[in-house]
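Hi,

Have a look at the model first and then read on.

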Protein chains: 4
Amino acid sequence: MSGSRRSFNSDNVAPVAPEVMAALARVNHGTCHSYGDDPETRRLTDLARETFECDLVIHPVATGTAANALALSSVVPPYGGVFCHRIAHINTDECGAPEFFSGGAKLLALDGAAGKISAAQLAAPVAHAREMGVHHVVPGAVSVSQATEWGTVYTREELTALAAAAHEHGLVVHMDGARFANAVAHLGCTAAEASWKCGVDVLSFGATKNGALAAEAVIFFRGELAREFELRRKRAGHLWSKQRYLSAQLNACLEGGLWQRNARHANALATRLSQGLARHGLRCVQAVEANEVFVALPAPLIAALRSQGFEFYEWPAPPGIELPVVRLVTAYDMQAADIDGFLDAIAMHATHAAR
Amino acid sequence: MSGSRRSFNSDNVAPVAPEVMAALARVNHGTCHSYGDDPETRRLTDLARETFECDLVIHPVATGTAANALALSSVVPPYGGVFCHRIAHINTDECGAPEFFSGGAKLLALDGAAGKISAAQLAAPVAHAREMGVHHVVPGAVSVSQATEWGTVYTREELTALAAAAHEHGLVVHMDGARFANAVAHLGCTAAEASWKCGVDVLSFGATKNGALAAEAVIFFRGELAREFELRRKRAGHLWSKQRYLSAQLNACLEGGLWQRNARHANALATRLSQGLARHGLRCVQAVEANEVFVALPAPLIAALRSQGFEFYEWPAPPGIELPVVRLVTAYDMQAADIDGFLDAIAMHATHAAR
Amino acid sequence: MSGSRRSFNSDNVAPVAPEVMAALARVNHGTCHSYGDDPETRRLTDLARETFECDLVIHPVATGTAANALALSSVVPPYGGVFCHRIAHINTDECGAPEFFSGGAKLLALDGAAGKISAAQLAAPVAHAREMGVHHVVPGAVSVSQATEWGTVYTREELTALAAAAHEHGLVVHMDGARFANAVAHLGCTAAEASWKCGVDVLSFGATKNGALAAEAVIFFRGELAREFELRRKRAGHLWSKQRYLSAQLNACLEGGLWQRNARHANALATRLSQGLARHGLRCVQAVEANEVFVALPAPLIAALRSQGFEFYEWPAPPGIELPVVRLVTAYDMQAADIDGFLDAIAMHATHAAR
Amino acid sequence: MSGSRRSFNSDNVAPVAPEVMAALARVNHGTCHSYGDDPETRRLTDLARETFECDLVIHPVATGTAANALALSSVVPPYGGVFCHRIAHINTDECGAPEFFSGGAKLLALDGAAGKISAAQLAAPVAHAREMGVHHVVPGAVSVSQATEWGTVYTREELTALAAAAHEHGLVVHMDGARFANAVAHLGCTAAEASWKCGVDVLSFGATKNGALAAEAVIFFRGELAREFELRRKRAGHLWSKQRYLSAQLNACLEGGLWQRNARHANALATRLSQGLARHGLRCVQAVEANEVFVALPAPLIAALRSQGFEFYEWPAPPGIELPVVRLVTAYDMQAADIDGFLDAIAMHATHAAR
């Protein structure tokens, strides 16, 4: 299904990892109870508890938008508000899913460099909301994207400070971890250290972009927050009858650390790519810390690359960048040759342009 | 994953059909555009048009609840009402999904023998709603389950009359076809004759219970009704990034008529089962027209079967039936031996009880 | 604004009681804080506590639909269910307001003679819902209309038994008291005895039909249920900036027992009317216990009365009644002469018809 | 109910205008049909058509939040977006009412000097939304506050340009006219010239802040947009049974131009106030064009004024203003002496501070 050139559009253009396909085949025999009362789903809880080294409640769903919106609607009332970065996926790319699932809660957008929000930004709007009383939505949660939408990664210190401030203000801390695997790989820490040990209360744990077919999980580190989840999931049509095939995907990712191997691979290729771009004097507009590279390119170069069949998206440029910015996403299944082919095309264009 | 005895709990306890697994493997190479801009999804539209012999809009989703709720919310406003049978899945088994997706529309439950509603039942409540003006929700649709929740099948004449009455009253006709395949197999007609030729406007076409992993489709026979669908699907978290794996399942079902072969097989086993039960003097409380058998059994027999490892659900008995009623569901992957094993266990119990 | 004949359409066709108009004039001077931080609203709490002889939380709103829907949405989650009579105002006359305010909760309609539901009806559907788990909405409340939609009144024994059963099942007890005043007048007990002493947790206390301009109150007898109310009220546009004018209406009703005087008056006229009808051999199809009379009338008599300018609504006849049924509502401002005029018209028709 | 000092908190602390009280008394006799089928409501349509010199659909409600949220939900789908200024009342002061009524639509906040947004700001976000397809909410409307939240007034040229751009992008133009009367008084034009002649499609016409008890109206200048309104109003509990008392308030405001007399009076007092402040060297941080004065005051002066019983709110200061900013709102019932008393207190403080 691919063209001759590897697409850099997104990590979700990649196929399913062989280990995940094998897991689907392995569970595909005989009958089993539907709606999650199956061995694979029980195994998922066990594996997640091992991986995160704590007690937790985990529920699988098929998409990241569902994971985020179900998680948020479980912890924020209809008259509530969720702080997030202005460019957070939940705020810009989910067609209002958090508002829909929550019954009309409001996303309270904050700005911040590198796609990050910080502890210091919460106090003023929380105080304002309190002062406004019933006229203002009630701040109920903070949602951070990890890795961020700019491909950067919150340090554990940043996260810990943000979560501490959030908790002080009575807010639940949600993490949109569509690329949590890549963030953990970058941080070089454990899953626990990257989540609940920093103060994360609810995590949308992504697997689809990291080799699964369609599988994400909502993980509650505070069990009492999970009370409503299963009802909301069913009501939203996100409870699978044949749930073994959902859990099996996640199990394949967690077992033996595939999720980390895949993420490290994708991250390494992003680093390779950014270093190659630097050799051509091309400037990444954000630190490359996960599997996304945002680089400012001259328009003719963009056109040339596209004409050769390379695919990628233009992205709104951050302030101060005049050239168009493109996003290049690496994935678990890419090869060094895919990166080098792209860099070669740039080199060729440079040579050509220099003549 | 199965016990030694075949489960009759539901057709969703079955594994995925080999043809569907093969299709997943076949599409699992290379990159392709995400969110439905892929060859499998385009092929799905083609196959559906061939199968239904008409122009149509088709969108895949992973669950039947999502298909029904998204379909209904596309055609009924928040202040609208949907006529359905009191025991319709949308009314009793989806945790309020239609209400959630539609923003609070109301299901207007009707009674009727064999799980069916009829044309004659619409006029009075529609007239009442009109008379009540703004005080009453506005009737917007009729939803029929085909096959019904009692395992019976609307005849084409019944459907045609119902749809004609609905249209006369300005109502959209939705069909919950979680077991549409089994209904068509029973009717012995074409997909077109069982749907739009009878007046169906929107169909939830089920595949999960018929061999898919997690795949249903919403089919709009009147394109203008589909206008909002893709936005509502995204917003509800039901748009898959790797949609090729959703469409491929449906394609495997449609290609070469697998959906009909599987359904005919399941239906035939249900007939075999009901005939076997009859030989033991056990009474089916509804006509067996699809792949579900509802039979009144003495409590000791139920206990005996369960103690031998057979699984099935008790069901609310229809009026006039004193014995407990159980539901026995056959599936595409069952064998005649599974049926006969169950019947043997009944025979053995009868012999035993007779001594 | 009236025609020459008094309308029996509803108690809401009546004007505002002079005492209420006087109260509006009395508070109409100077500035005061908006949004409920005013002396009239504080007085309302005091008066309500005196009237109901208990601690309570009371919030005024302008309409009965708002009172009911806000009350229910405060105590039932979006995935919840509310038991009520099939003909309850919330189920038939509010255009889906409870569904809207609650985010899609489901009304679970029960049948029952005289517009009443009974304790014994709860156990089976609650057990069914529990057994169905996430597939079924979670029963969260029972809502009773007092007086009922058939103009009857639950006895205190009936209410106490129903509320006890509800509490046993973990359900909150809501009372739609649009005509609570008339019910209390009929019961001849205190407000406390007719509400929380029977187990009512939340009461929609009606005043508009009993002499107010536009004023109802939601009264929480269990303060913890009121936690969200003010936010939901604001969010629904039901918080008045000039709230003194809302509270003043309710104060005028409560002060000096006007609400009971008005209700007793209306009830007495309904009794006078039903007795007069009986003298003409006309049969009330429900016990006349509040201010509504439902009577079966021959079609020619209905036509004759209408031609003379009398106004009233036809009502769906209860089973077994062949003649059309009409509803005749008396109000606080009616006079005996209004009743007698109506009865005279009937007498005249009878005489005429007898010739 | 007032203290000895006039409150500058808001125009909603004022009592009801005598003309409005008289109108309520005038309609308070006899019965009339409920739910808007009454002469006052018919008269309201006539008066509004005269006032706005066009055909239109008008519906009264009791609060501004209801007017705005019902208007927006009538013209924007749940998956839609509404452009508005970041400080728009709908975005900051209505506890998420637009999100609630619309089923989760998103407010798309724009910045802009003087509380205004401009035509040029729409193109980029509309283009971005289109490009994002189903991932982004669909821009459906622009909402402007007139007068703005900063007490400024869009010129007719500004409005015309904004509305033209909005229409070009397929957006409906909504005006939050809580202080529309003050804006028209400032513009010195007709109601028509200030609304539909500029391109406004739907207007929330405020009366409560301008002398009514609790009355606003939603006016649709394009009748087809009003199609759903009455159902949504009923469903939201905003349909009054005794609607004559709602319409009569608005009629009293419109008849004989009371709404303009009251607004001119309040505006003139605001001008008097701002001029007086200027004489004391106190700087208004926004042009004073309606009945609100935003002025930067030294903290000691604020404290001194408050200690003397003056009431007003602090407001978030615009960029570049170091002193605290307070909002002073004048109202239809204020007298020059109220203004002068405030200015005298400032003068006294200045004298005192100068010693």
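This is a predicted model: local features need pLDDT of at least 70, side-chain atom pairs count only at pLDDT 80 or more; totals for chains, interfaces and linings use all residues.

Let me start with B:Arg49, which counts as partly exposed because its relative accessible area is 34% (buried means under 20%, exposed over 50%, and partly exposed in between, using a 1.4 Å probe and protein chains only). B:Arg49 makes a salt bridge to B:Asp55, with the closest N and O atoms 3.2 Å apart; by salt bridge I mean a side-chain nitrogen of Lys or Arg within 4 Å of a carboxyl oxygen of Asp or Glu.

Residues are numbered from 1 along each chain as its sequence is written, chains are lettered from A and ligands numbered from 1 in the order in which they are written, and side-chain values use heavy atoms, with hydrogens and water left out.

**More on salt bridges**

Chain D has a salt bridge between D:Asp55 and D:Arg49, where the closest N and O atoms are 3.3 Å apart. D:Asp55 is exposed at 59% relative accessibility, whereas D:Arg49 is partly exposed at 35%. Over in chain A, salt bridges with shared partners tie A:Asp11, A:Arg179, A:Glu292 and A:Arg327 into one network.

How many salt bridges are there over all chains? The count comes to 64. One of them is between the side chains of D:Lys106 and A:Glu99, at 2.6 Å from N to O. That pair crosses between chains, going from strand S3 of chain D to helix H5 (residues 97-102) of chain A. (Helices are DSSP runs of H or I with at least four residues, strands are runs of E with at least two, and both are numbered from the N terminus.) Are its two ends buried or exposed? D:Lys106 is buried, at 9% relative accessibility, and A:Glu99 is buried too, at 3%. As a general point, side chains of opposite charge can pair when their charged atoms come close.

**Where chain D meets chain C**

The contact (heavy atoms within 4.5 Å) takes 54 residues from chain D and 54 residues from chain C. About 4700 Å² is buried between chain D and chain C, and carbon and sulfur atoms give 60% of that; buried area is the accessible area (1.4 Å probe) that two parts lose on being put together, summed over both. How many salt bridges are there between chain D and chain C? The count is zero.

Polar contacts are another matter. Chain D and chain C have 32 residue pairs in polar contact, both at pLDDT 80 or more. Here a polar contact is a pair of N or O atoms within 3.5 Å; within protein, one must be able to donate a hydrogen and the other to accept it, and residues adjacent in sequence count only if both atoms are side-chain atoms.

On the chain D side, the elements giving two or more residues include helix H1 (18-27), helix H2 (39-52) and helix H10 (244-254) of chain D. H1(D) supplies the largest share, four residues. By class, that side has 26 nonpolar, 18 polar and ten charged residues (Ala, Val, Leu, Ile, Met, Phe, Trp, Tyr, Cys and Pro count as nonpolar, Asp, Glu, Lys and Arg as charged, and the others, Gly among them, as polar).

**How the two copies are related**

The same surface serves both copies, as 100% of the contact residues of chain D recur in chain C.

**Backbone details**

A cis peptide bond joins D:Gln146 and D:Ala147, with omega about -10°. D:Ala147 sits in the loop between strand S4 (138-145) and helix H7 (156-168) of chain D. In chain C, a cis peptide bond joins C:Gln146 and C:Ala147, again with omega about -10°.

D:Ala114 has a positive phi of about 60° although it is not a glycine. D:Ala114 is in the loop between strand S3 (106-110) and helix H6 (123-132) of chain D, and is partly exposed at 23% relative accessibility.

Cheers
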